[in-house]
Amino acid sequence: MSQKRMLDGCASGCMSFSWTLPKEARGMFLLFQGENFVSYAGYGGATANTMRITGVFTPAEFRGRGYGQLICWYACRYLLTPVEKEGLGRSQLVIAADQNKTSVMGIYQGLGFRDLTEVREYVADAC
């Protein structure tokens, strides 16, 4: 697996960084019932042993039926399954979630995730 680092200079002299990651380092799972899209779970932010669940979404008309929990469970299973058994072989999964969204927090807690820390986000002005 090779990673390619790219640098772009801003007009004011600051630098921005982006990484081209191998395809297995990010992805998504889509859940359908018949032809209806019912839920989504993404993953990315790979390190040697860790992967981040990047979001779980279920359209409003399909919420409350367990689709979010099912797709999140499937994503976790795939990410934690050893490589030799067709998974990504991570030993840890992390999630950054809004604690005020109680439905998604219930999904994560139901799958065994627990609070480790609270993070505050600060946004800087553009270069």
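Colleague: Which pattern does the protein follow along its sequence?
Modeller: Read in order, it goes β-β-β-β-β-α-β-α. That is two helices and six strands. This is a predicted model, where local features need pLDDT of at least 70, side-chain atom pairs count only at pLDDT 80 or more, and totals for chains, interfaces and linings use all residues. Residues are numbered from 1 along each chain as its sequence is written, and side-chain values use heavy atoms, without hydrogens or water.

Colleague: What makes a stretch a helix or a strand?
Modeller: Both are DSSP runs, numbered from the N terminus. A helix is H or I over at least four residues, and a strand is E over at least two.

Colleague: How do you know that β3 and β4 pair?
Modeller: Pairing takes at least two bridges found by DSSP between two strands. β3 and β4 have seven, in the antiparallel sense. The pair therefore passes the cut-off. Q33 has N36 in β4 as its bridge partner. F32 stands opposite F37. Two residues lie between the strands of this hairpin, and G34 in the turn has a positive phi of about 65°.

Colleague: What joins β4 to β5?
Modeller: Five bridges, again antiparallel. Y43, for one, has I53 as its partner in β5.

Colleague: How do β5 and β6 run, parallel or antiparallel?
Modeller: They run parallel, joined by four bridges. In one of them, M51 pairs with L93 of β6.

Colleague: Which order do the four strands take in the open sheet?
Modeller: The order is β3-β4-β5-β6, and the pairing is mixed.

Colleague: Why is I71 called buried?
Modeller: Buried means under 20% relative accessible area, exposed means over 50%, and partly exposed is in between (1.4 Å probe, protein chains only). I71 has 5%, so it counts as buried. This residue sits in helix α1. Beyond its neighbours within four places in sequence, I71 is in contact with residues including F29, Y40 and V56. S39 is 32 residues away from I71 in sequence, yet the C-alpha atoms are 6.7 Å apart. Across the protein, buried residues make up 27% of the 127 residues.

Colleague: Why is E86 called exposed?
Modeller: Its relative accessibility is 68%, so E86 falls in the exposed class. E86 lies in the loop between α1 and β6. Its phi is near 75°, a positive value in a residue other than glycine.

Colleague: Where does L111 fall, and why?
Modeller: L111 has 26% relative accessible area, so it is partly exposed. Its place is in the segment after α2. Leaving aside neighbours within four places, L111 is in contact with Q69, C72 and W73.

Colleague: How many residues line the second largest pocket?
Modeller: There are 24, and V56, T58, S103, V104 and I107 lie nearest its centre. β5 gives the most, with six residues. By class, the lining has eleven nonpolar, eight polar and five charged residues. Nonpolar covers Ala, Val, Leu, Ile, Met, Phe, Trp, Tyr, Cys and Pro; charged covers Asp, Glu, Lys and Arg; the others, Gly among them, are polar.

Colleague: What makes a space a pocket?
Modeller: On a 1 Å grid over the protein atoms alone, a pocket is an open set of points where a 1.4 Å probe fits, with protein on both sides within 12 Å along at least five of seven lines. A lining residue has an atom within 4 Å of a point.

How values were computed:
Contact = heavy atoms within 4.5 Å.
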